[in-house]
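Hi,

Here is the structure I promised to pass on. Have a look, and my notes follow below.

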Amino acid sequence: TNSNHPLKRINREIYKYGVNKHKEIEDLKRLEAFRREFLADVSHELKTPVFAAQGFVHTLLDGAIDDKKVRRKFLKRAAKSLDNLDKLIQDLLTLSQIETGEIKMHFEHFNIVPLASEVIDQLENKAERKDLTIRFDQPYNSPIFVHADADRIYRVITNLVSNAIKYTESGEILVGFEVEGQKVQVYVKDTGVGIPPEHLSRIFERFFRVEKSRSKEMGGTGLGLAIVKHILEAHNTKVSVISTVGKGSTFSFKLPIGQGADGLEDGTVDTE
Ligand code: ADP
């Protein structure tokens with residue numbers, strides 16, 4: 001018999017520890033596998049821009065530097081790779097800080113309308129370069145006060161609108177709000193490439209991209225939606241997506257409506 005097979009022996013050992021120990025060991029094994037996979041993914045993602053920048057710089061040093069036209073082109077590409085590397089490191093830091101709870105959330109009551117408007121202003125140029133317009137779905141004349149971390153929600157809306165720009169060729173990106181009782185639903189709607197249904201559940205995983213080349217071309221790190229997901233989890237809420245290939249996508253999330261001017265003053269920080 002093969003009752004001395006190492007795996008069987010290990011299983012017998014595990015069994016001796018009892019069922020709880022067994023579960024603990026399984027959890028540890030999963031965590032360890034996850035860590036290893038994550039490290040491999042990160043190394044791979046870091047290598048790509050470093051390798052590209054290295055290539056351009058070395059080619060320049062090997063003589064391409066003497067050709068004025070080539071020089072400019074290669075330096076531009078090297079700079080773009082380094083910008084991508086910088087973005088990737090920033091995103092990795094943000095993600096790990098949120099995951100480990102290192103970043104404290106600062107909950108406050110604020111009007112989300114001007115905050116979203118600021119995001120639109122910030123990204124308007126990027127959109128115009130692509131024959132796209134970003135605007136509010138309808139005019140929001142009265143304030144919508146939410147109870148949340150304003151900086152992090154700014155980041156969430158920025159990531160969603162940036163993606164809408166990246167994955168839409170032309171048309172309109174709409175940012176909107178729907179108040180439902182004590183909650184407001186915030187949505188970002190695009191007329192872009194859409195996401196195939198079989199990939200919908202995976203786009204929030206780190207480094208998952210439907211189309212790797214397109215994401216990289218647009219300067220994507222593959223971490224934007226993972227960051228969105230984690231920030232919203234820290235708010236006890238989640239992000240939803242509805243998408244049709246070739247027609248577009250709508251990303252949305254809900255936030256609790258806070259007290260406005262009749263309660264706490266605008267921007268008052270809660271003492272937790
Ligand atoms: P990336 O940096 O690649 O954009 P994200 O985490 O922000 O990374 O998004 C993961 C993937 O989800 C993208 O690579 C893209 O394939 C898909 N995706 C995200 N937003 C959209 C969108 N608005 N329209 C179509 N596809 C999207």
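This is a predicted model: local features need pLDDT of at least 70, side-chain atom pairs count only at pLDDT 80 or more; totals for chains, interfaces and linings use all residues.

The largest pocket has a volume of about 990 Å³. (A pocket is an open set of points on a 1 Å grid over the protein atoms alone, where a 1.4 Å probe fits, with protein on both sides within 12 Å along at least five of seven lines; lining residues have an atom within 4 Å of a point. Volume is the space filled by probe spheres set on the points, which are joined across faces, edges and corners.) H5 gives the most to its lining, nine residues. (Helices are DSSP runs of H or I, at least four residues, numbered from the N terminus.)

The second largest pocket comes to about 310 Å³. Its lining has 18 residues, with Thr48, Pro49, Ser81, Asn84 and Lys216 nearest the centre. Here H3 gives the most, seven residues.

Back to H5 (150–166): its axis comes within 9 Å of that of H7 (224–234), and the two cross at roughly 150°. (Axes are lines fitted to C-alpha atoms over the stretch in contact, meaning heavy atoms within 4.5 Å, and angles run from 0 to 180 degrees between N-to-C directions.) Among the H5 residues in this contact are Arg152, Val156 and Asn163.

Cheers

Notes. Residues are numbered from 1 along each chain as its sequence is written. Side-chain values use heavy atoms; hydrogens and water are left out.
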